[in-house]
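Please keep both in view while reading the points below.

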Amino acid sequence: LNFYTKDVQFHTFNSSVFLKELLIDSAHYSDTSRTLFSKQLALHSDKILTGSSANGMEVSKVTFDSRSKELVLSSIKNNDKNNDRSFNTKAEGVVIKGLQAKGPADAIDISIGNATFKKAEVKVVSKNRKANGGKPAGRKAILGEWIHSFKLNQMKVEQLSLMVSEAGKSN
């Protein structure tokens, strides 16, 4: 969901959401966005697609449990192409522990205790400065406009491939 344009670009396949000890808060009378609370949330999805094919993410075999605060992703692929650069990532065997997300949906504060990746590949290709009038490429948020803050305490990558290049140049 793009909170600014109101476009929905989020699709799930074979997904289940489990709410345990569901509660209704008295605040839901004045704030309709706060209708349900659950002491424990668990979810599973075979596949999640976000964004468009040129600027989107595909996540396979996702499980999450709010009690353990653990998110497991079999694989994740991200493509982000704009006028200044392309940013592509692929990762396999992702385990995120100590995941917390707080705040409103359009300005979330995300905190992660520990993230482990069995295999990760990051590829960044910047536009040639000559093609951009000799000016450095502009900056754009990689994580999205809806994340207010992001904190990661520890990250382990067992196998990493990193490639940063300028368009039109061989590596």
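Leaving aside neighbours within four places in sequence, Val122 is in contact with Phe87, Asn88, Thr89, Ser161, Leu162 and Met163, where contact means heavy atoms within 4.5 Å. Val122 belongs to strand β7; strands (E, at least two residues) and helices (H or I, at least four) are DSSP runs numbered from the N terminus. The model is predicted, so local features are given only at pLDDT of at least 70 and side-chain atom pairs only at pLDDT 80 or more, while totals for chains, interfaces and linings use all residues. Residues are numbered from 1 along each chain as its sequence is written, and side-chain values use heavy atoms, with hydrogens and water left out.

**Around Val122 and Thr89**

- Val122 and Phe87 are 35 residues apart in sequence, yet their C-alpha atoms are 7.5 Å apart in space.
- Thr89, one of the contacts of Val122, is located in strand β5.
- Is Thr89 buried or exposed? Thr89 is buried, because its relative accessible area is 19% and buried means under 20% (exposed is over 50%, partly exposed in between, with a 1.4 Å probe and protein chains only).
- Not counting residues up to four places away in sequence, Thr89 touches Ile76, Lys77, Asn78, Glu121 and Val122.

**The largest nonpolar core**

- A nonpolar core is a set of buried Ala, Val, Leu, Ile, Met, Phe, Trp, Tyr and Cys residues joined through side-chain atoms within 4.5 Å.
- The largest nonpolar core has 18 residues, of which Leu71, Leu73, Val94, Ile96 and Leu99 touch the most other members.
- Two or more residues of this core come from each of the elements β3, β4 (70-81), β5 (85-97) and β7 (108-126).
- Which element gives the most to this core? Strand β7 does, with six residues.
- Ile96 touches Lys69, Glu70, Leu71, Ile112, Asn114 and Ala115, when residues up to four places away in sequence are not counted.

**The salt bridge**

- How many salt bridges does a search of the whole structure find? The search finds one, a salt bridge being a side-chain nitrogen of Lys or Arg within 4 Å of a carboxyl oxygen of Asp or Glu.
- Lys61 forms a salt bridge with Asp46, and their closest N and O atoms are 3.5 Å apart.
- Lys61 lies in strand β3 and Asp46 in strand β2, so the pair ties together parts that are 15 residues apart in sequence.
- Lys61 counts as partly exposed at 45% relative accessibility, and Asp46 is also partly exposed, with a relative accessible area of 23%.

**Backbone and surface features**

- Lys61 has a positive phi of about 50 degrees although it is not a glycine.
- Asn14 likewise has a positive phi of about 50 degrees without being a glycine. Asn14 is part of strand β1 (residues 10-24) and counts as exposed at 57% relative accessibility.
- Val17, Leu19 and Leu22 form a nonpolar patch on the surface, with about 280 Å² of accessible area together. Patches consist of residues with over 30% relative accessible area and no salt bridge; like charges are joined within 9 Å, and nonpolar side chains (Val, Leu, Ile, Met, Phe, Trp, Tyr) within 5 Å.
- Leu22 is placed in strand β1 and is partly exposed, with a relative accessible area of 46%.
- Trp146 is found in the loop between β7 and β8 (147-157) and counts as partly exposed at 33% relative accessibility.
- The C-alpha atoms of Trp146 and Pro104 are separated by 9.2 Å, although the two residues are 42 apart along the chain.

**The chain as a whole**

- The protein chain has nine strands and zero helices.
- Of its 171 residues, 20% count as buried.
- The accessible surface of the protein chain comes to about 11,900 Å², and 54% of this belongs to carbon and sulfur atoms; accessible areas come from the Shrake-Rupley method with a 1.4 Å probe, and for residues only the protein chains shown count as cover.
- Among contacts between residues at least 6 apart in sequence, 54% join residues at least 24 apart.

**Confidence**

- The protein chain has a mean pLDDT of 79, and 70% of its residues reach 70 or more; pLDDT is the predictor's confidence in each residue, from 0 to 100.
- Confidence is lowest in strand β2 (residues 36-51), at a mean of 84, and highest in β7, at 92.
- Where pLDDT is low, the predicted coordinates should not be read in detail.
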